[in-house]
Each structure stands twice: as structure tokens, then as C-alpha cells.
Amino acid sequence: MPESGPTTPEHISPAASGPLPVATSSPAPVPAQTAAPTPSRAAVPAAVAAARRAGLLVTLVLGGLTALPPLSMDMYLPALPQVTGDLRAPAATIQLTLTACLAGMALGQLVVGPMSDRWGRRRPLLAGMAVYVAATAACALATGAEMLIAFRLLQGLAGAAGIVIARAVVRDLYDGVEMARFFSTLMLVSGAAPIVAPLVGAQVLRVTDWRGVFHVLTGIGVLLTLVVAKWLHETLPPERRHSGGVGHALRTMRALVADRVFTGYTLAGGLAFAALFAYISASPFVVQNLYGASPQTFGLLFAVNSIGLVAVGQINGKLLVGRVSPDKALGFGLAVIALSALALLLVTAGVFGGTGLLPVAAGLFVLMSAMGVTLPNTNAQALMRAPHAAGSASALLGASSFLVGAIASPLVGIAGEATAVPMAVVQLVCALGAVGCFLGLCRPWRARGPQGAAVRSAADEADGADGEGKADGERGADEVGRSA
């Protein structure tokens with residue numbers, strides 16, 4: 001895991017060592033106390049330094065927050081066929097419970113991310129966790145598919161707080177190679193959730209029905225809320241918060257989207273996640289209904305695939321980061337995802353004749369394992385472009401991933417439950433789209449402009465929205481576009 005020793009200058013990249021822009025309602029000069037020292041003696045706020053020293057504890061807390069989405073979805077996966085029968089709804093309708101949760105997590109991040117840039121990380125996080133607990137408990141009481149879909153949407157909206165703020169906290173604490181390495185370490189903790197969740201869900205189904213899964217999730221939510229309240233301290237000091245309202249948040253996000261490189265990493269990561277979610281959404285029906293496996297066998301296969309993702313994530317963090325450029329590692333991961341999706345399409349379409357579960361499981365294992373090198377690098381590379389608006393950048397990263405995943409979810413069931421071809425088609429299209437965005441927008445073979453310049457321009461524009469600061473921000477954004 002990343003070192004958490006004294007906060008010496010080498011912990012801070014040049015991009016983070018300059019003055020910190022503070023968004024205000026007028027173009028007043030930034031107070032002297034908010035400006036960082038010279039690059040040779042870069043300082044770190046006391047709260048950030050303390051959080052770094054508590055490295056293991058912070059890793060566990062942030063890992064728990066990022067594990068909440070896979071827990072909310074994967075523990076529920078073995079119960080999908082049972083929910084279909086109990087609520088007397090078709091499989092495509094029950095899959096919308098996954099889509100609703102994903103869409104909620106996407107939209108919630110767009111709201112919570114900017115809120116955390118304005119009010120700090122703790123308050124929005126604790127509020128979101130409280131609503132998540134209430135919504136999860138309500139899911140267990142649903143009496144129809146429509147009601148369950150509505151509660152899952154609310155669960156996703158509230159659970160988004162943990163996802164977006166966890167990434168923003170990482171950006172508050174680390175930079176550059178340290179940040180990429182921390183994301184890989186975080187995957188070790190959060191990656192345990194997809195391994196354990198289906199197994200736990202399958203065992204819960206042995207003693208109760210699908211409603212018991214949501215009772216367990218409610219208990220996990222309560223425990224995680226208490227842990228956050230006690231041990232996760234504020235990492236965004238007041239002088240680095242933005243005082244602007246909705247207009248400032250929208251201007252910041254607009255500047256981020258206008259940054260071609262940031263958008264390229266965001267779309268590449270979102271499409272890769274969609275390929276992953278196509279597997280998550282379709283695999284319960286493919287493995288159990290199409291190939292006749294039990295819920296326990298499905299949980300075991302899902303755990304093996306998750307172990308592959310975690311293992312490759314650790315290889316990325318321990319061996320590749322600092323030795324291989326993030327773009328090269330990311331390009332390799334995307335290529336493996338595309339090739340494994342193509343192989344799955346050929347196998348499921350019967351090109352090689354009748355096949356059993358084993359070839360399909362092998363292809364899914366390779367595809368999911370490649371996510372371990374793809375997702376941490378897209379997150380790190382995108383957030384490096386936005387050191388002064390980590391909440392908004394994290395919101396756009398998460399929202400794009402979950403929105404595209406929400407679209408992919410119903411598509412995998414469009415041809416019914418008798419074939420796995422739609423799953424493979426969706427995965428291949430998403431993988432090829434991710435490769436296209438990476439090559440066409442990020443252009444890894446070309447030199448780039450200064451990291452974070454796009455967001456600094458957005459802050460300048462927000463500060464001077466009523467005066468000449470706006471023009472300065474627009475000129476800054478134009479310079480970023482030319483340099484990128």
C-alpha cells in the first residue's frame with residue numbers, strides 16, 4: 001500500500017504544489033494563507049497529513065465505501081431468478097432493479113460530488129449513508145417489481161455518496177504515482193466485496209428468501225455509517241472548498257468535459273465498466289438458467305473471477321506503477337478486454353460447436369481480470385487532470401460509468417434467457433468503444449498540457465463570472481485545448 005510517512009516535498013507533484021484556487025462570488029484576490037508555499041517546500045494541510053499517517057485505517061474505510069456498490073448488487077445476484085418468480089415479473093423487468101440502482105448511483109454522484117467540493121467530504125457522506133440504510137430496509141418490504149425498482153433507485157442515489165467521496169478523498173491525499181498505487185491497493189479491499197457478496201447471498205438464500213439479502217445489506221450499511229462517523233476525518237480544508245453554488249458546479253463540470261483528455265479517460269473507463277456490468281447483469285441467468293448451475297456454483301464462479309480482478313489490480317499497483325506508464329498499462333488492459341469479449345462472442349454464437357460452461361467461464365475470467373489494470377489507471381489518469389475539483393471530477397467519472405452500465409443492463413436480456421450472445425455482443429461493443437475513446441481522445445502517444453489546467457481555468461471563470469475573471473478563464477481553457 002502507499003507509504004504514509006512524513007509529508008515531505010516528494011509526496012506532492014508539481015501540479016499540486018502551486019497556489020490553490022478558491023472559488024468566490026467575486027474576483028477578489030485569494031487570501032495569503034490559502035496559497036501554498038514554493039514548490040521546493042510544498043506543505044500539506046494538517047488534516048491531510050494526519051489521514052496519510054493513518055494509512056491502513058483510511059484504506060479500510062475507503063475500501064468499505066467503494067465496496068458498497070458491489071455489495072448492493074452482487075449479493076443480490078443469486079436471488080434474481082427467485083425474485084422473478086416471487087414477484088411474478090419477467091426477467092427483463094427484474095433486471096431493471098439493477099438498472100435503477102446503477103442509474104441512481106450515477107445521478108447521485110453528479111449531485112454529491114460538487115456538494116463535497118463545497119461543504120467538505122464528511123457531511124454529504126454521512127447524510128447519504130443514512131438515506132442508504134433507510135432505502136435498503138425498504139427494499140426488503142417491496143411487494144411488487146415496480147416498488148422494488150423505485151426503492152433500488154433511491155438506494156443507488158444515496159449509495160452514490162460513498163463512491164464519489166471515496167475517490168475524492170484519495171485525490172485529496174495523494175498525487176501522481178502515489179495515487180495510482182493507492183487505487184490499486186484500494187482494489188484489494190473493495191475487490192473482496194464481489195468475491196464475498198455472491199457467496200454470502202447464496203448462503204443467505206439457504207435459510208431465507210431474497211428479502212433476507214436486503215436485511216443483511218441494511219446491517220452492513222448501519223455498520224459502515226458508524227465506522228465513517230468515528231474514523232473518517234475531513235480531508236478537504238475550508239480554504240480549498242468552493243463557495244459557489246449550482247452555477248459554479250456546472251461551470252466546473254463543463255470545463256472538465258471540454259478537456260478532451262479527461263473526457264477520453266472518463267469514457268474509456270465508463271465503457272469498460274459497462275462491459276463488466278454486462279457480465280454482472282447477465283451472468284446469473286446465463287450460469288444458472290442456461291447452463292443449469294446452482295446458486296452456490298454461480299457464487300463460486302463469481303468469486304473466482306473477482307479474485308482474478310483483485311490479483312491483477314495488485315500486480316498493477318506493486319509491479320507496473322512506476323515502471324510502466326499508466327497509458328501503456330491501460331492500453332494493454334483495454335486490448336485484453338476487447339479480445340476476450342470477441343472470444344466470448346465466438347463461443348456463445350456456436351462458431352466452435354456446442355460448448356459447456358467451462359469455455360464461457362474462462363472467457364469471463366480473462367475479461368474481468370483485465371479490469372484490474374484498466375479501472376485504476378483510468379481513475380488515476382482522469383483525476384490527475386483535476387487536482388482542484390476532485391469531487392466534481394469524481395462525480396463525472398462515476399456517473400459516466402454507472403449510466404453506461406445502466407444502459408447495458410437491459411440490453412443483455414433483449415433476446416431472452418435462452419442465449420448468452422447478447423451479453424457477449426454488448427461486451428464487445430463496449431470494449432471497442434473504450435479502445436476508440438482512449439486512442440481518439442486521450443492520444444497517449446502525444447505530449448499533453450499541464451495537469452489540472454482545465455479545472456484551474458474553470459475556477460478562474462467561476463471567480464470572475466461577473467467581470468474580467470470570466471474572460472481570463474475562457475482564455476485559460478483555450479490554452480488547455482491547444483496544449484492538449
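**Group meeting talk: a predicted all-residue model, from confidence to contacts**

The protein chain averages a pLDDT of 76, and 78% of the residues score at least 70, where pLDDT is the predictor's confidence in each residue, on a scale from 0 to 100. Residues are numbered from 1 along each chain as its sequence is written, and side-chain values use heavy atoms, with hydrogens and water left out.

Let me start with the parts I would treat with caution. Over residues 1–44 the pLDDT stays under 50, and for this stretch the model has 70 contacts beyond four places in sequence, a contact meaning heavy atoms within 4.5 Å. Over residues 457–484 the pLDDT also stays under 50, here with 44 contacts beyond four places in sequence. Where pLDDT is low, the predicted coordinates should not be read in detail.

Now the overall picture. The secondary structure of the protein chain comes to 18 helices and 0 strands; these are DSSP runs, H or I of at least four residues for helices and E of at least two for strands, numbered from the N terminus. Of the 484 residues in the chain, 58% are buried, and the terms I use are buried for under 20% relative accessible area, exposed for over 50%, and partly exposed in between, with a 1.4 Å probe and protein chains only. Among the contacts in the chain with a separation of 6 or more, 85% are between residues 24 or more positions apart.

Which residues have the most contacts inside the largest nonpolar core? They are Leu62, Leu65, Leu148 and Met371, in a core of 126 residues, where a nonpolar core is a set of buried Ala, Val, Leu, Ile, Met, Phe, Trp, Tyr and Cys residues joined through side-chain atoms within 4.5 Å. Helix α11 gives the largest share of this core, 18 residues. Leu148, leaving out residues up to four places away in sequence, touches Tyr76, Val83, Leu87, Thr97, Cys139, Ala142, Trp210 and Phe214.

Helix α11 deserves a longer look. The axes of α11 (residues 260–290) and α15 (residues 390–411) come within 7 Å and cross at roughly 40°, the axes being lines fitted to C-alpha atoms, for helices over the stretch in contact, with angles running from 0 to 180 degrees between N-to-C directions. On the α11 side the contact includes Phe262, Gly269, Gly270 and Phe277, and on the α15 side it includes Leu396, Ser400, Gly405 and Ala408. The residues of this contact divide into 11 nonpolar, 8 polar and no charged, counting Ala, Val, Leu, Ile, Met, Phe, Trp, Tyr, Cys and Pro as nonpolar, Asp, Glu, Lys and Arg as charged, and the others, Gly among them, as polar.

Staying with α11, Leu276 is found in this helix and is buried, with a relative accessible area of 8%. Leu276 touches Met368, Met371 and Leu375, not counting residues up to four places away in sequence, and its C-alpha lies 9.3 Å from that of Cys430, which is 154 residues apart in sequence.

Cys437, in helix α16, counts as buried at 16% relative accessibility. Cys437 and Leu267 are 170 residues apart in sequence, yet 6.4 Å apart in space, C-alpha to C-alpha. Leaving aside neighbours within four places in sequence, Cys437 is in contact with Gly264, Leu267, Ala268, Leu271 and Cys442.

Two further positions are worth a glance. Ala168, in helix α6 (residues 145–173), is buried at 0% relative accessibility, and touches Arg121, Ala390, Gly391 and Ser394, not counting residues up to four places away in sequence. Arg118, in helix α4, is partly exposed at 33%, and its C-alpha is separated by 4.7 Å from that of His242, 124 residues apart along the chain.

Finally, the backbone. Most residues other than glycine have a negative phi. Arg88, however, has a phi near 55°; Arg88 sits in the loop between α3 (80–86) and α4 (91–119) and is exposed, at 78% relative accessibility. Arg443 has a positive phi of about 45°, lies in the loop between α16 (421–442) and α17 (453–463), and is partly exposed, with a relative accessible area of 27%.

Terms used: Predicted model: local features only at pLDDT ≥ 70, side-chain atom pairs only at ≥ 80, totals over all residues.
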